[in-house]
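Here are some exercises to work through with the structure in view. Try each task yourself before you read its solution.

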Amino acid sequence: KDTFIYWEIIDYISEKSSQVYITDLNKIWFKPNKNNSSIRNDLKTNLYLKILGKEVNNYFKPDIIFAFGKKAFDELKLLKTEAKVYYILHPSRTASKYRPAYFENFLKGNSKQKIDDNSLLDLYKKKLDMLITETYNI
């Protein structure tokens with residue numbers, strides 16, 4: 001179900017604008033070996049940002065970057081770009097406890113209400129419409 005909503009959100013964004021870049025920041029997956037079981041997080045982040053910076057500033061030149069997840073958004077704030085960067089709550093179930101606060105502007109006065117799967121996509125659409133409108137001053 002999480003994967004379905006993730007792709008529905010991406011489809012909706014792509015219908016709204018072709019000048020949008022969507023990322024969760026991870027650009028490369030490293031396979032650990034016996035000599036190097038991990039790569040320092042700060043090195044990975046710098047590498048991801050370097051690659052993303054080239055993609056965004058040299059190739060795609062989007063007006064908007066949607067960052068899926070707080071970690072991606074926090075790192076993307078370090079990216080030098082003319083694009084407007086927005087945080088999009090990741091649609092995974094692990095982030096579901098943050099949904100009421102994230103969508104509070106669209107929950108009819110009840111920020112404590114439980115958000116069911118049927119209304120989740122509509123809430124994402126409303127939030128995305130608001131962010132796109134804000135960017136383009138529509």
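**Exercise 1.** Decide whether Lys77 is buried, partly exposed or exposed.

*Solution.* Keep in mind that this model is predicted. Start with the relative accessible area of Lys77, which is 52%. The cut-off for exposed is over 50%, so Lys77 counts as exposed.

**Exercise 2.** Find which residues are linked with Lys77 in a network of salt bridges.

*Solution.* Step one: look for the partner of Lys77. The side chains of Asp74 and Lys77 meet in a salt bridge, with 3.5 Å from N to O. Step two: see what else Asp74 touches. Asp74 also meets the side chain of Lys70 in a salt bridge, at 3.1 Å from N to O. Both distances can be checked against the cut-off for a salt bridge, which is within 4 Å. Step three: join the pieces. Lys70, Asp74 and Lys77 are linked in a network of salt bridges.

Now place the Lys70 and Asp74 pair on the chain. Both residues lie in helix α3 (residues 70–76), four residues apart, which is about one turn of the helix. Lys70 is partly exposed at 46%, and Asp74 is partly exposed at 31%.

**Exercise 3.** Work out which parts of the chain the salt bridge between Asp129 and Lys16 links.

*Solution.* First, the contact: the side chains of Asp129 and Lys16 meet at 3.5 Å, N to O. Next, the locations: Asp129 is in helix α5, while Lys16 is in helix α1 (residues 2–16). The two are 113 residues apart, so this pair links distant parts of the chain. Asp129 is partly exposed at 26%, and Lys16 is partly exposed at 41%. Side chains of opposite charge can pair when their charged atoms come close. The count of salt bridges comes to three.

**Exercise 4.** Trace the aromatic pairs that involve Phe103, then name the cluster to which Phe103 belongs.

*Solution.* Begin with the count: there are eight aromatic pairs. One of them joins Tyr102 and Phe103 edge-to-face, 4.9 Å centre to centre, with 80° between the planes. Both Tyr102 and Phe103 are buried. Phe103 also pairs edge-to-face with Tyr124, again with 4.9 Å between centres and 80° between planes. This second pair links distant parts of the chain: Phe103 is in the loop between α4 (99–102) and α5 (117–136), and Tyr124 is in helix α5, 21 residues away. Phe103 has a relative accessible area of 0%, and Tyr124 is buried at 1%. Finally, Phe73, Tyr87, Tyr102, Phe103 and Tyr124 form one aromatic cluster.

How values were computed:
Residues are numbered from 1 along each chain as its sequence is written. This is a predicted model: local features need pLDDT of at least 70, side-chain atom pairs count only at pLDDT 80 or more; totals for chains, interfaces and linings use all residues. Side-chain values use heavy atoms; hydrogens and water are left out. Rings of Phe, Tyr and Trp (its six-membered ring) pair if their centres lie within 6.5 Å; planes under 30 degrees apart count as stacked, over 60 as edge-to-face and the rest as tilted. Buried means under 20% relative accessible area, exposed over 50%, partly exposed in between (1.4 Å probe, protein chains only).
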